[in-house]
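Please consult the sequence and the structure alongside the points below.

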Amino acid sequence: MDYDVGVLNAADVYRAFAVVQLIVSRLDLETWKRLTASASSRRNWLTVRDAQGYIRGLCHVFTREHPVHGRQLEIPIFASVGFLDDLDVARRLFEFAKLRAKLDGCEKVHFWSSASKDWDSFDTLRTLERWDDGLVYDLSTDRATIH
C-alpha cells in the first residue's frame, strides 16, 4: 500500500485526534488543538497516512539529554492502526523516527513502556524522569535493549 510519512500537518489535526484518543482517552479536543496549533508543535507528531488520507500511524517525539547516554529521542506515544498492514505501518513510522533522531543529533531512541503513560498531561512530559523504562534503541549499533 502507498503511504505518506512525515510530520503532522494542519489539515490532519482532526484525523490524528481520533488516533491519539485511542491511547490517551482523557485527552479532549480543545487540548489537542492547543497541542497542535503551530507548525513547530506539529513537528513533534510523526504520522503515516494512507492514500485516502487516513492516519494509520502516529507517534509523539521530543529530544532531551539523558543523564548518562546523552541526547536521545523520546517517544512516549507510538501507535500503528493499520488493518492488514499494521507491521508495515509501524516499520515506516519507526524508520522515520530513527531519521528524525539522527537529524536531531540523538544517539538513542527511547520508546516509553505502557506503564509510563501515567503522566498527567503533555505539558509535563519533558520533565518526567522516565529515562530507561520501555525500549531503548541504540542508533550506533542498530540494537535495542528492554528496560
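From the N terminus on, the elements of the protein follow the order β-α-α-α-β-β-β-α-β-β-β. These are four helices and seven strands, taken as DSSP runs (helices H or I of at least four residues, strands E of at least two) and numbered from the N terminus. The model is predicted: local features need pLDDT of at least 70 and side-chain atom pairs count only at pLDDT 80 or more, while totals for chains, interfaces and linings use all residues. Residues are numbered from 1 along each chain as its sequence is written, and side-chain values use heavy atoms, with hydrogens and water left out.

**Packing and surface**
- Of the 147 residues in the protein, 48% are buried, where buried means under 20% relative accessible area, exposed over 50%, and partly exposed in between (1.4 Å probe, protein chains only).
- Among contacts in the protein with a separation of 6 or more, 60% join residues 24 or more positions apart; a contact means heavy atoms within 4.5 Å.
- The protein exposes about 7800 Å², and carbon and sulfur atoms supply 54% of that area, as computed by the Shrake-Rupley method with a 1.4 Å probe.

**Helix 4**
- Helix 4 covers residues 86-103, which is 18 residues.
- From first to last C-alpha, helix 4 reaches 26 Å, close to the expected 26 Å; the expected span is 1.5 Å times one less than the number of residues.
- Buried positions in helix 4 are V89, A90, L93, A97, K98, R100 and A101.
- The cover over these buried residues includes strand 1 (3-7), strand 2 (45-50), strand 3 (55-66), strand 4 (70-80), strand 5 (108-111) and strand 6.
- After helix 4 comes G105, which has a positive phi near 75°.

- D142 lies in the loop between strand 6 and strand 7, and its phi is positive, about 60°, although D142 is not a glycine.

**Cysteines**
- The whole structure contains zero disulfides, a disulfide being a pair of cysteine sulfur atoms within 2.5 Å.
- C59 is buried, at 0% relative accessible area.
- C106 also counts as buried, with 7% relative accessibility.
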